Amino acid sequence: VDAKPPASNPATTLARLAVRALAEGSIAQVVLCPGSRSAPLAYELAAAEADGGPHLHLRHDERVAAFTALGAGGAVVTTSGTAAANLHPAVLEAHHSDRPLVVVTADRPPELRGTWANQTSDLQAGLFGAATRARLDLTDADAAKDPPGALAALAATVAAAFGSLASAGQGRPGPVHLNLGFTEPLTPDGARPPGTPVRPRPPRPGPRRAPVELVRGPRTVVLAGDGAGDTAREVAEAAGWPLLAEPSSGARGGPNAVGPYRLLLELPGFASAVDRAVVLGRPTLSRPVTRLLARADLDVVLVGERPDHPDPGRPVTRACGVVAGGGPDGVRSDAGWLSAWRRAGEAAAGAVDAVLDAGAAAGATGTLSGPFLAREVAASLRAGETLVAAASNPVRDLDLAAVPPPGPSLPIVANRGLAGIDGTISTATGLALARGRARVLTGDVAFLHDVGALIAPRGERRPDLQVIVLNDDGGGIFSLLEYGEVSRRSAAGAALFDRIFGTPHGARVAALCAGAGVRHDLAPDAATLRAFLAQPPPGMSVLEVRGDRAGLADLHSRLRRAVRRAVAGGDDGGPGAGGRDR
Ligand SMILES: Cc1ncc(C[n+]2csc(CCOP(=O)(O)OP(=O)(O)O)c2C)c(N)n1
Ligand SMILES: [Mg+2]
C-alpha cells in the first residue's frame, strides 16, 4: 500500500492514515460527532468523502451516532472524554451480536492523560475492555515516524471488526477501537496530496468446514434464533423438519415455517414430542423455547461456525452445518411429523388472526393491539426494505403474528445481542442510510429512550425510514410477566406496579416529532394504518398507533385459548399423540 508521508503536521498525518484504513477496510458509512480533539479526523473524513470515500453523516449525540454506525455496519468517530463513554452501549451490542463496528476516539497523547488536561481520561484507551475484537492506541508522533507501519496497524485493527483475526474467540465480527492521540495543531496544514480516490474493498468470507450428517427418524425441529440466516430454512426444507423461526432469524419463511410456534409449544403434546432440536443463531425470545431447550432428555444440535460459541450451558452436539441423512431403513420416515406441525400451525394462525381482527374491530376507541400492528407491518414490507424490531413486545409480537412468506424470510433484524431498548431508532437509521430504506417497529418507551435519533444537523441526509410507534403509555411487557400477575391482586398492587414497572409518561409523540422537525401521523384504526403502511412518506416519518396496556394480559389469554381450541378441534392434541411415524 502506498503510504508516502504527506507534507502535513503529525495530527493530519495520523488522521489521513486512519481514514484511509477505514476506506480500504470496506467501511462505507462513517458517523461523526463534532469535537475539538477529533478535528483532524473531521477534516480528513470530509475530504475523503469528496474524493469518493466513505459517506459521512453528522450527529450530535454519541450514543445515537454509535448505534447509527452499528446499523450501517460502519464507523463512529468522536472526540475524547464522556463522548467516548457514550459509545459503550453500541459497542456491547456489537460484541454480543457479532456485528462489525469501528469506534474511533480522539485522545491526547499518553503523557497528557491522567493529568489536568481538560476532557481527558487515562481510562479511554481501554474503555471497552474485553468487548473489542482488537484495539489500537496510537499517537500522531508515532504515526509520523513510520506512516507505513501505522497504516498497517490501523488496517489490521479495522479488519478485525470483520472477523479477520483467527485466534480463539477473535475470528468473529465485532467492535474494534482505534484510540488516536492528537497534538496541536489540530487543523490541516500543507496541501492535501492529490486525491488518490479511496474505495472500499469487500470483506473476504471466512473458511467453511464440512457439515455433519444427522440420521432421520428422531422427531426434530429446527430452531432459528437471531441471525440464523437462510441456512436454517434450507436445512428444515431439505430434511422435512418443522421450522420454528424467530422474526430476526433471517429464516422465517417457506413452507416449513410454523408462524405461531410459540403458542403451540405451550400446548400439551408439542414440546414433549420433540426428540431433537437443531439450533441455528441465538434464540432469545420466548420462555416455551427456553423450557424446551432446558429439557435434559432433548438432543440439542448447535449449528455454527465457531467451536466454542455460544455456550448454551448444557450438553450439546456441535456442528458447523447439518444435512439429513437416511433413517435406520434409509427412507424418509418423518413426513407425518412435519405435516402434523404444519396442520397445527395453520389452525393456530387462523385462530390468532380471528382474535386480532375481532380485537381491531372492537377494541377501545382509537387503539390497536401490538400483535395486530406487528402482523400488518410485516405484511406491508416491500422488496428491498428491512424492518428493525425493537426489544420488548414489538419483536415478540412479530414472533407471534408475522405471517411467514412462502419463499425466503421476512427481512427483519433486531438488536438481540443484549436486547436493549436503547438505540433502536438509531440502529434503523444506520441501516436505512446503508441500504436505502427501512422501517422500525418500536414501543413508546424505546422510542422515548432514543428520541434523540430524530434530530440531525440541518442539511444531513435523512434516510427513508418509517418509525412505527405503538404507544401504550409505558412498558407493556411487564404486565405479561409475573409482576403483572401480582399487580392484578389488589388496587394498591396495581398502583405500585404502574409506578415501578409500567411507568406511564403521557409524553406527546406528535409534539416531540414537531420539535425535531419530523413528520408525524396518527393511525387510529386499521384502515388508516394500512394506508400509511402501504405508502410510507419519503424521508423520516413517525407513525403513531395507540395501544391499550391494561388489556394486554387479557388479549394474550384470549389468543392462547383460541389456539388451544383450534388445534384440539383438529383432533389429536399434538403431533406426538398418534405415536411415532417411523
Ligand atoms: C437499555 C434498557 N433499559 C431497560 C431495559 C428493560 N426493559 C425491557 S422492556 C422495557 C419497557 C419497554 O417499553 P416499550 O418500549 O414501551 O415497549 P412495550 O413493552 O410497551 O411493548 C424495559 C424498560 C432494557 N431492555 N434495555
Ligand atoms: Mg409501551
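# Aromatic pairs, helix packing and strands in a predicted model

V388 has V413 of strand 15 as its bridge partner. This is a predicted model, in which local features need pLDDT of at least 70 and side-chain atom pairs count only at pLDDT 80 or more, while totals for chains, interfaces and linings use all residues. Residues are numbered from 1 along each chain as its sequence is written, and side-chain values use heavy atoms, with hydrogens and water left out. Helices (H or I, at least four residues) and strands (E, at least two) are DSSP runs, numbered from the N terminus.

**Strands**

- Strand 14 (residues 386-389) and strand 15 run parallel and are joined by two bridges; two strands pair if DSSP finds at least two bridges between them.
- An open sheet is formed by six strands in the order 15-14-16-17-19-18, and the pairing is parallel.
- Strand 15 (412-413) and strand 18 (519-522) each have a single partner strand, so one side of each is left without a neighbour in the sheet.
- Strand 1 pairs with strand 2 (residues 55-58) in the parallel sense, over four bridges.
- Buried means under 20% relative accessible area, exposed means over 50%, and partly exposed lies in between (1.4 Å probe, protein chains only).

**Aromatic pairs**

- Five aromatic pairs are found in a search of the whole structure. Rings of Phe, Tyr and Trp (its six-membered ring) pair if their centres lie within 6.5 Å; planes under 30 degrees apart count as stacked, over 60 as edge-to-face and the rest as tilted.
- The ring centres of W337 and W341 are 6.0 Å apart and the planes are at 75°, so this pair is edge-to-face.
- Both W337 and W341 belong to helix 11 (residues 335-362), where they are four residues apart, about one turn of the helix.
- W337 is buried, at a relative accessible area of 0%, and W341 is buried with a relative accessible area of 0%.
- Y483 and F501 form a stacked pair, with 4.6 Å from centre to centre and 20° between the planes.
- This pair links distant parts of the chain, since Y483 is in helix 16 (residues 482-487) and F501 is in helix 17 (residues 491-502), 18 residues apart.
- Y483 is partly exposed at 33% relative accessible area, and F501 is partly exposed at 23%.
- F478, Y483, F497 and F501 are linked into a cluster by ring pairs.

**Helix packing**

- Helix 11 packs against helix 12 (residues 370-380) at an angle of about 110°, with their axes 9 Å apart. Axes are lines fitted to C-alpha atoms, for helices over the stretch in contact, and angles run from 0 to 180 degrees between N-to-C directions.
- Helix 11 is therefore roughly perpendicular to helix 12. Angles of 65 to 115 degrees count as roughly perpendicular, under 35 as roughly parallel, over 145 as roughly antiparallel and the rest as oblique.
- D353, L356, D357 and A360 of helix 11 make the contact with P371, F372 and R375 of helix 12; contact means heavy atoms within 4.5 Å.

**A buried threonine**

- T427 lies in helix 14 (residues 424-435) and counts as buried, at 2% relative accessibility.
- Apart from neighbours within four places in sequence, T427 is in contact with F67, T68, G71, R99 and N415.

Methods: Chains are lettered from A and ligands numbered from 1 in the order in which they are written.
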